[in-house]
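I'm opening a notebook page for this one.

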Amino acid sequence: MVLITVLYLLNAITPPSSNTKGPEQLLVAAAPIESCIGEFTLNNGLHVIHYFDSSAPVVSVNVYYQVGSYDEPPGITGISHMVEHMSFKHTDIYKPGDFDRMLDSVGANNNGFTSTYYTGYYEVLAKKHWELALKMEAARMHRCVFPDSEFASEHQVVAEERRLQDNRPTSVFWEQFEAVAFLAHPHRNPTIGWADDVEKFTVEKVREWYKKHYNPANAVLVIAGDVRLEEVKPKVEKYFGRIKGESVPRKNFYNIEPPFSGERRLILRKHINVPRLLIAFPTPGNRDSLYIVGDVVASILGQGRKSRLYRTLIIDSALATSVSAWNSVERDPGLLEIMVTPKDESLIPKIENVINAELKNMATELVSDHELQRVKNQTIAASLFERDDISDIAWLLATSQINAGDWRDFLLQMERIEKTTTSQVRAFCRKYLTEQRRIVGILVSDKEAR
Amino acid sequence: MSFRSRKSFIFLLPIIGNLLATPLFRDSLSNGLVILTYEDNRLPIIDISFVCRSGALFDPEGKAGTAGLCAEMLFRGTKNLSADSIAQILDFMGAQYRAGVDFDHCYLTFRLLSRDLFTGLDLLAEMVLEPSFPIDELTRVQEQALANALRAYDNPATVIGMEFDRLLFGPHRFSLPPQGDTTTLQKITCSDLQNFHKIHFVPNNCFIVVVGAVDHLKIKQEISRRFAGWRSGPVPEPKPLELYLPEKTRVKLITRKEMNQTYIQFGHPGISIYEQDIIPTRLMSYILGGPPLSSRMGLAVREYGGLAYDVRCWFDRRSLPGAFRATVQTAKPKEAIEKMFAEITRMCQTGADKSELLKAQNYFIGSFPLSYSSNQGKLNRVIELELYHLGTNWLTEFPEKVEATTLAQVNEAAKRHLYPNHYIVVIMGNITKDELNLTDVEWIE
């Protein structure tokens, strides 16, 4: 037993499969994901993606609209989220509460969510009921009526949801950090909207936003699970085929953000017990071929015990209790973020020095082949793990379609990760992770408030 | 019966469960270690959990967090491998892994590619059987746990939950989170972890669940090869729990002037997961305060009242009786709490109606299979059914039991397990006692 693991460790630089004997007999081959996917587009512009998985009699129906906080002009931030709330209310064929009542009665899990680039709705339910979800989503797409009385109470609910954010110090920290990191780009606005904007919503504005964005040509429908494409096509045509489609061109904000002319710094004092340090750098969006290198860099820097910052901040210098890094990027340029929990707020300057030194190191020296291979192995494994849950797959397909215009984008990004070289990693760090482009956020205790 | 069938029958004797519907197999080694395998060959991935039936309930007095730290420390070094070596192997395989704890168990879990199964099992055996509990790693793990415990106090919802537990459970272990608290984590030593491991990590107190592209016979053979020499030992019983119902509602107010919303948690003693009417009670609780958009509390407080984004209630799911709890966050606490109290009283006095029960039953029955359609879902379900001795037929029995539940049983459960006017209430926000204007309550200073 020990021998096997030690041997494995010694050989850890080679891919895991090459040394282990025996488990191969337990291997089942995963069908290439492309072979499980079909797609078609209705005349009204509704793009439909189908993923077949018959391992459980379950279907996941997902409608994603290409509208989110990204599309909201100043003054109405959060309105996509308000529409999402209202869309569970009245339609001309369903009474308020029917969505949940009917879906609950067949044991479906359902919800909606609003993000920067999309508003999504999903139902996961037993195969025999999947058509119900389709019918309800079609109603949501064009039959919502938003009566004044229902708006009034739901407006209060959303105001309460907004207050939840205000009372969580870390939520406030994130929100203000984004506003410091992005001066012009709508990434600076919270998805839920600024409190003042939320308060001023009117039912007319909400109806107008719904009317503009909710139609087949501005949506992606993903159906994943135990239903065949031949069955999907006529049903989708039946429920969605007659809805009028009108494409809603999305504004390209790519170049609006002014260039960096030096470090930006936010210091926030709140009623907290544990300080946080957040350091971020703007990185390319997913339309840039270098985008995925940001993921690799983040992983090498701060994902797991074998990452560089875990080694320097937690093991070697013992300045922090946790560190993590990730590349928070979708369509437009986003941020590569490093989050640290310092042992004490007095240690923050030292921690910054350690991080700066590590970033400099990565910008000058090549990372090891082993570090890079670890990240590649993790990516390959994660891509298989992701296929375990049809809802995860549906999300991946829908967001790839919305953000890149093609669900195949995630495959392309996988290929790019596999081809990433140590030189690219160094070049990325040299170009993007510079002092001039750094945004630092510090959340510390407001001792007076305590 | 043909020979082939008879042979299969003998061969499959150790198998319990609905073989045709569910490829779930339960077996055990002679030392008492139970192995559960759920075969699912869709993808070349495997999920493994090693579960020790002793969770935070068994933490030594004054050292809450011991079970959790013990589980975490199994990743931090063995007789032959350092923490770095373990991470090196797992990370390079692309594995996902973690340790965890709740009151009834602590566990290690791995998600691997099938090709790495044997390496994963090797590591698991080494970690469970020969941990070294190195002091430098304990210091790190402890500091991290302490930071997490402190950080929990940054969230108002956690603060009121912890205060509620303290008031309801008094000196019992339930009064602190399973992961321990700021006052207790620092006191735990390497020797505490070694003792915990020695007493509780015995094969007859543990089980292994494997889900994925595996053959159950092969799994048994491989686990046996690694764990058969592990010696069983006496298994301790948890300390009993005595809970008292407050004579009248007791309210603790925590003033936070900077908050623009009031957080509320209230409730009273709950029931054990082993209680005979657990299913009627769960159905009743779902009708009362399950989904925030369609439960009775949800309709009164959120949908019609517009008073809150989230409102709900539930019974803790634990071996010993936990709590019945209800929570809400609102700018109008007086109105919200009155509506929630009223709904509980109404449920006790007039019960649910047939249509509500039918809807709840349909939801439970319909959503149950969804909860184990993925491998990770299967893993969680199998852990639950083994941990609480539900039997491997539970996956088919549960929907049947739900369907067989009558309205009378549900309404009886409301009368038996809900105690209006005997609550512990914790309120936190920028509000005064006068503004809350709660009558017939005792204020806790």
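**Entry 1: a hairpin in chain B**

I started with Arg98(B), which stands opposite Thr109(B) in strand 5 of chain B. Strands here are DSSP runs (E, at least two residues), helices are DSSP runs too (H or I, at least four), and both are numbered from the N terminus. Strand 4 (residues 96-101) of chain B pairs with strand 5 of chain B in the antiparallel sense, over 6 bridges. I noted the cut-off for pairing: DSSP has to find at least two bridges between two strands. Strand 4 and strand 5 of chain B make a hairpin, with 4 residues between them.

**Entry 2: ground rules**

Before going on, I wrote down that this is a predicted model, in which local features need pLDDT of at least 70, side-chain atom pairs count only at pLDDT 80 or more, and totals for chains, interfaces and linings use all residues. Residues are numbered from 1 along each chain as its sequence is written, chains are lettered from A and ligands numbered from 1 in the order in which they are written, and side-chain values use heavy atoms, with hydrogens and water left out.

I checked pLDDT for chain A (the predictor's confidence in each residue, from 0 to 100). The mean for chain A is 90, and 92% of its residues reach 70 or more. Over residues 1-28 of chain A, though, pLDDT is below 50, and this stretch has 63 contacts in the model beyond near neighbours in sequence. A contact means heavy atoms within 4.5 Å.

**Entry 3: strand 3 of chain B**

Next I asked how many of the 8 residues of strand 3 (residues 45-52) of chain B are buried. It's 8 of the 8, so strand 3 of chain B is largely enclosed by the rest of the structure. Buried means under 20% relative accessible area, exposed means over 50%, and partly exposed is in between (1.4 Å probe, protein chains only).

Both faces of strand 3 of chain B are covered: Ile45(B), Asp47(B), Ser49(B) and Val51(B) are on one side, with Ile46(B), Ile48(B), Phe50(B) and Cys52(B) on the other. In a regular strand the side chains alternate between the two faces of the sheet.

I then looked up the partners. Strand 3 of chain B is joined by 8 bridges to strand 5 (residues 106-113) of chain B, running antiparallel, and Phe50(B) stands opposite Leu108(B) there. Strand 3 also pairs with strand 6 (residues 206-212) of chain B, antiparallel again, over 7 bridges. Ser49(B) has Val209(B) in strand 6 of chain B as its bridge partner.

**Entry 4: helix 3 of chain B**

Helix 3 (residues 83-93) of chain B is mostly covered, with 10 of its 11 residues buried. Among them are Ile86(B), Leu90(B) and Phe92(B). Just after helix 3 of chain B, Gly94(B) takes a positive phi of about 80°.

**Entry 5: a tryptophan in chain A**

Is Trp130(A) buried or exposed? It has 4% relative accessibility, so Trp130(A) counts as buried. I found Trp130(A) in helix 4 (residues 130-142) of chain A. Leaving aside neighbours within four places in sequence, Trp130(A) touches residues including Val59(A), Leu125(A), Ile223(A) and Lys235(A). The C-alpha atoms of Trp130(A) and Gly225(A) are 9.9 Å apart, with the two residues 95 apart along the chain.

Ala318(A) isn't a glycine, yet it has a positive phi of about 50°. Ala318(A) sits in the loop between helix 11 (308-316) and strand 9 (320-328) of chain A, and at 32% relative accessibility it counts as partly exposed. His389(B), also not a glycine, has a positive phi near 55°. I found His389(B) in the loop between helix 14 (375-387) and helix 15 (394-404) of chain B. At 57% relative accessibility, His389(B) counts as exposed.
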